[in-house]
Each structure stands twice: as structure tokens, then as C-alpha cells.
Amino acid sequence: MMGKLNSSLGTTLKTSLLGLASAALLAGTALTPASAETVLRATMHADVRTLDPHWTTQTIAGIHGMLIYDTLFGVDDEGMPHPQMVGDYSVSDDGLEYSFTLRDGLKFHDGADVTTADVIASLKRWGEKDQAARAMFAHLDTMEAVDDKTFTMTFNAPYGLVLDTLGKTGTMVPIIMRESDATMSADEQVTEAIGSGPFMMVKEEWVPGSVTVYRKNPDYVPREGEPSGFSGAKIPKVDKIELVWIDDSQTRMQALIAGEIDLLEQPSVDFVPILEGDPNIEVIRTGAVDSHWGTIRINHLHPPFDKPEMRQALYHLVNQEDYLQTIVGNPDYYRTCHSFITCGTTYEDETGKEVMADYDPKKAYEMMKAAGYNDEPIYVLAATDHHTITPAAQVLLNAMREAGINVNAVSIDWGSVVARRSNREKPEDGGWHIFVTTSSGTTSLNPALNTWLGATCDNANVGWPCDEELETLRGEFAFAQSVDERKEVARKIQERAMYVVPYISFGQWTQPMAYRSDKISGIIPVTGLTVLWNIEKSE
Amino acid sequence: MTAYIARRLLATIPVMAVVAIFVFLLLRLAPGDPAALIAGDDATSAQIANIRAQLGLDLPIWQQFFMWAGGILQGDLGTSIFSNLPVTTLIAQRLEPTLMLMVATLIVAISFAIPLGVIAAWQARTFVDRFVMLLSVLGFAIPVFLAGYVLIYVFSIQLRWLPVQGYRPLSQGLWPSIQSLILPAVALGTTYIALIARITRASMLEVLSQDYIRTANAKGLATSRVLLLHALKNASIPIVTVIGIGIALLISGVVITETVFNIPGLGRLTVDAVLKRDYPIVQGLILVFAATKVIINLLIDLSYAFLDPRIRH
């Protein structure tokens, strides 16, 4: 039955299509409301879900913290600490007493002055959980306020990393919060976001998992000096910052290309060539220090890897190029590194490289057999949903199978890996032998700050390495008084760590950042925590 | 009718209780530890244990359940482990985008699917019918994310007609809000167009073979009148059922579309909460979804009485 389409039916359809077309055509005129204020829209590697930088080691919490809070010291792009909230400071000749005086004009966002009471309470709270702080406080006798602006720290030994620790970056940064917030236990989350930093959080507009909004702090008094890393002048040059969380990596890239966001902290590496081809987009390295390094963590508690010679055999399973090619691809953004300290930094030492770089899976298996391996299954926690850890784990599994090792790959999501790796039970009872993870380049700038290097047995990071000599050497590093002295100790640490094998590195890489060069300028390339002050925007 | 509604609503109570127990136990039994995820990669085991204790996750499961259930009875769905915001607040933040996307998708789907289904049935076993069915197959076959990426590339990147991502709330104006929903609604709507068109066609074919349709044609009524007033109305019950199922699915959020277009809806909230083991959010959301589906099913059943006078509750 062929009939003519009824005119009313046809008219309805045509009208609908015309309406849609008109809507689309008018789209461009109404996308961006006119506004006099400058708004920086940035998409970071994660969304802000917790507001307390002392409560969690999540990097994004640190980025949030550095926007709204301030620190006593800040490290420059070479990792050297400089006063930030501190105006003047002095150190006694014997290195035991430090005196700090706060700068003038420091105020919290609620208008209250920043006092030494706030500082001391914040440092104590921070010291409850942060490992670098705890290492420092272990040698602290007293921390007292002289008056509202001056306080002293008295040590029982000349601890050499006081300023580095007070200016540490990465995770659990030593931000200064109000005394009323800081008196809360560090195991409870501070839910307010009142700091003294260059930006103020607009908590009413916070939608976790979607957007976090900050406004310029009009009362912020920046320090003088050229900005470098987290030191120097922190000037809030945009009126508003919106951290827009976009889950999909392709959509993030498209949003940057379309100009709907101004900055993309960590574009997928395979999209970088597309971004580099756009004349309006600049792709840059984030600081002089590589942003990430990879680690194969070994469980020291259970056989067969409770023996150092068994762990040392694993060196021959790792060809760092394989991992870096798989994860990063572009050699411009990665480098091999056989130091337990981030390569390209002051205390880097690649002693033992010839052993670590000797990729020979068969040799690994022979060494394991010689050490008593009886082909029992080796449980490897292989995350299935992480963009770098998942492929890295597959590279490791491949090498282990090539060696002939009996591998039991436990394929679970990253959340389950995080849960299971804390389990001290035998691998076959819910524990593990090996898992793969990554860490920030700033967490291993020196052996005292590198928590993965710690060998404090039950108190160590998961894997629980236990070695008194390594810990003694880490302590020596902290008390060394000169860079040369520390370098010598760092070399000894490298040698000892080679024997103990707290972990095996599979190289380091830089996650580039991309931004709209036609709209924004003034980015300070920093490794570890992206900084958003000093950025200017022209619409 | 009132008694029927009351009976159906009362029946939801045991349903909700079973859902609550099931989702609570399922989350606790699944692997993963929210305390470890909160603490981060550089935390020690002791720090993780402290957080677990702080969150009450080290209490016996039965105690955790009764504390949560007690809160539910007072209208408190709990507090997010990560953000410390009430679950009700988080759901409220995500409700508008989800509802708007749902409405937009249904408008797109119904506007295209029903006419296509009617035309296919009217032109059964002709080229037009086969073409419509081919479109239907394509609608099922093309993944939503692929449709989304293609639409973004064409309309946002190349033509710059529509935004790549994001949702603009109604408070910023109706038109900006609609603009932000056009592409996601079209991408998501293709599947629903395919489904509703097929159901419409099948239902219409059955009705068009009835005697009263033959009588209407014999009386000389216009084709459109026969199709729309006589056939479509009598074919509407299965169509309404499928639309109702679609509404229920859309309210619980369509994660892929929300992810591709960065719509901060309930679907993404659910998946994020599951991956982060934010138990209170998952528990609260599942209860809300279960209640919503029950109510939608009730409304669909009630609508039958309006569409077909022979049906009485």
C-alpha cells in the first residue's frame, strides 16, 4: 500500500527537524555568558573529593591544599627550600635550635591573623601521619611559641633536613590551617576549607566528582621574589579557578581543543601528538624532575622473597625500556634510572646499574632455583583498570613467564589491589608476593623522604622490608650537614638497597601538561603538585 | 483504584528491605577497602587501620547495618566517606542533570521512534519498512560512546555548533541547558529510537490486521486518522511499557554517555562510588533507584487504565 505521507505528519516532522537545526545554528551565540571576571578552567588528573591535605596522601588533596593554604617554607624548582610564610629565621651554631618569625600580613580567609598557635597546632597534626614529619619530630625536644609571630624548634640532635621537611611537596604537604581545625586528630577529616593561601575555596559550589571552585584571595600578601616551584611570589592572577573533572581522556582532549578548558594537567600520552599539532595548544614538561617513577614492590614477609638473594634474582626480569615504551611510548618523556633516588636530582646514584640493567629472564630463574625456589606459585597483584600500572604489570608477568616462573596473576581492580596489599597473610591466603605501582618523582628526591625505601620492618610501607643497616644509613643522611656529605651517604644507601631490594624501579617518566597558549600564560612548571597561581588569562 | 495504589505502595516496603540488606551485604563482601583508597599510596598499614576505625568500618557488620538502617528510617542516607557530604546532598546535586538528560533523550527517542515505527508498519514489507529496520539495527549496533565521539567531532570540533562536554544547569538559562544536552541526547537516543521503533512497528502490525481497522479503511477514513487515532492508540500499551522501562534505566543514569559528555549525573556518581568503595553513596543510590523503579512500574500499570478502558484495577 503506497500512499502519500499525510501532510500533517510530514509537517510535524519537518518542523521538528527545523527546530533542531535552528537550535544548533544558534548554539555558538549563547555558549559563554559575558563576564568581566577571568576564570581559569583546568582539568586535573583526579577530582577533589577530600578537603583535608593532612588526612590523605592523595596528590589532588595536596594540589587543593596548596591553593587555599600556605606553608612555612616552599621548595624551588631544584628542590631547595626557601622561606614562604616565614619572614626571618635563624639556626644556632650547633644546629639544635631553630627560630622562625612569620611575615607580616598573613591572614586566614575568615579574616583572622595567622599566629604561631595556628602554626604549632598544624605542624603537630601534620606530624601525626606524615612520615617525613615523624622522622623529624622523632628528634624534636620542644616546639614553642615565643609570641604570636615567633616560635622555636629545639632538637636533641643536629637534624639536617628541617627546612627541607617544612617545605616538602608531593603528598601530605605541611600546610598551615587554623588552630581550631588543626586540633582535630589527623585521623578525622577537617571538612572546612579555610586557609591563608592565594585562593579561597567556594565550598557552596563544590560538586564532588564534577567541579571545585576557587576565588582569588584579595587579602593575600605574596612573598617577594621570582616564583620558582613553590617558592617566591605566589600571585593569584585570575579571579576564579574551576577544577572541572572530566572522566574520559578523549573528551578531555576535545574539550581543550575546543577551548572549553584552558589547562589539562595530564593528557593521555598517545594524544600528545594531536595536541602538539594544534597551534593554540602548548605541551610542556612539568618541571625539571620527572613526574613519575615505577616500582615493582616485593613482599619481604613470606617465602620465597624473604631471602635477599631471591629478591636480587628479580633484577634480571626487568628491562626498563620495555616498561617505558609500553607506558609512555615517546622517549622524549621518559628515561631509564637505576638509582633508588630520582635520576636527574642532586642525590642520584646509579651504583650497581650493571646488575640492575642486566635483563636475562633465564638467569633470573636460575638464580631463584639456586636460592631454593621450588616452582611454587608467585602471586602477582595485577590491577586491571589503571592506565599505567595495568600495562606495567603485564610487562612483568610476561617476563616472569618467559623465565619459566610459576606465576599466579591476581587480576583485580586497583581498589582491590590497594586493599589486598595491606594483607600480611600468606599469598595463598589472601596476601601477595609482588605488585606494581607508581609514585611521584618528588617522593624520592632523597632517601630520607623516600618512604618506599624505608626498611623499618612492621612500620614500613607495605612489603615490610626490614634492614637495620639501611635504616641507620637513612638516619645518617638526615643528619648530614652538607650536600657532599649527603651524596656520600646516598651512595652507601644505594649499595645497601641493592642488597636488600626494597623494590625494583622500572624507570621514570614525565607526564606532560597541555594548555591553551592563546588564552593563558605564566604557568610555573613544577613536578609533583601543579601550581595554578601566577597564571594569567586573556579571553 | 485507590485501594490498588495503596496495596502496591505497601508492597514496596518488603521489596525495599530486601534491596537494602542485599546491597549492604554485597558491598561488604566485595573485595576492596575504602580506608586504603582514602589513605593513598604512601600511607602505612597503621594509618589505614586508623582511618578504618574512624569510619566505623572495623565494627561488626550487623552493627554497621543497623546503624545505617536506623538512619534510613529517619531519612538520613548517610555521609560520603570521601567528601563527608550527606548522600542526599550528593544525589540532589546530580538529580537535575540526570532528569534533564532523561527528558531530552525521551523527547528525541519518542519524536523519531514512534513515527518511524508507524511508517514501517504502514509500509510493511516494502523498501521503506526494510530501511527503517536497518536504521533500527544500526541504532542497536553502534555503541553509544562511538556515536558520542563522532557527534563531538562533527558538531563540536569541526562545526563548533555545540559544546564538547559539560552540563549547563537551568539556572544558567533554558537554552544553554538544552544546548549542552543535544548531543548526549542524540547519542543516547539512538538505542532507544531503535528499540521503541521496533516495538511500535510490531505492535502496529498486530493492530493493523484487526477487523476494526479494515472497517475504518472501508468507511473511507483518511490514512493518518486510521493510523494515529485508531491503530496507534490501540497499539500503545507495549509502547508505553517499553518507554517506562527506558525511563527507569535512564534515571539510574547512563554511565557511558555521562562519561563521554561529562554530564555530572547519577550514573557516574554510582560508578565512581563503587570504584572508590564509598559505601554510603552506593547504598543510598541503590535504594533510591529501587524506589524509583517501583513507582515507575506503578505509574505504567496505572496508565494502562487510561489507554485501554477495558483494563480496570
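Trainee: Is helix α2 of chain A buried or exposed?
Mentor: Ten of the ten residues of α2(A), residues 59–68, are buried, so this helix is largely enclosed by the rest of the structure. Buried means 20 or more other C-beta atoms within 10 Å of the residue's own, with C-beta atoms placed from the backbone. Helices here are DSSP runs of H or I with at least four residues, strands are E runs of at least two, and both are numbered from the N terminus. This is a predicted model, where local features need pLDDT of at least 70 and side-chain atom pairs count only at pLDDT 80 or more, while totals for chains, interfaces and linings use all residues. Residues are numbered from 1 along each chain as its sequence is written, and chains are lettered from A and ligands numbered from 1 in the order in which they are written.

Trainee: Thanks! What covers the buried residues of α2(A)?
Mentor: The cover includes β9 (175–176), β10 (199–201), β11 (211–216) and β19 (434–440) of chain A. A contact here means C-beta atoms, placed from the backbone, within 7 Å.

Trainee: Which strands form the open sheet, and in what order?
Mentor: Seven strands of chain A, ordered β10-β11-β12-β1-β13-β21-β14, with mixed pairing. Strands pair if DSSP finds at least two bridges between them. β10(A) and β14(A) stand at the edges with a single partner strand each, so one side of each lacks a neighbour in the sheet.

Trainee: How many bridges join β10(A) to β11(A)?
Mentor: Three, and the two strands run antiparallel. Met201(A) stands opposite Tyr214(A) of β11(A). Helix α2(A) packs on the sheet, touching β10(A) and β11(A), and its direction makes about 120 degrees with that of β10(A). Such angles run from 0 to 180 degrees between N-to-C directions, with axes fitted to C-alpha atoms, for helices over the stretch in contact.

Trainee: Switching to chain B, how many helices and strands does it have?
Mentor: Chain B has 14 helices and zero strands. Its C-alpha trace spans about 85 × 55 × 35 Å along the principal axes, and 42% of its 313 residues count as buried.

Trainee: At what angle do α6(B) and α8(B) pack?
Mentor: Helix α6(B), residues 127–141, and helix α8(B), residues 174–208, pack at about 135 degrees, with axes 7 Å apart.

Trainee: Which residues make that contact?
Mentor: From α6(B), Val132(B), Ser136(B), Gly139(B) and Phe140(B). The α8(B) side has Thr190(B), Thr191(B), Ile193(B), Ala194(B), Ala197(B) and Arg198(B).

Conventions. A residue is buried if 20 or more other C-beta atoms lie within 10 Å of its own, exposed if 12 or fewer, and partly exposed in between; C-beta atoms are placed from the backbone. Two residues are in contact if their C-beta atoms, placed from the backbone, lie within 7 Å.
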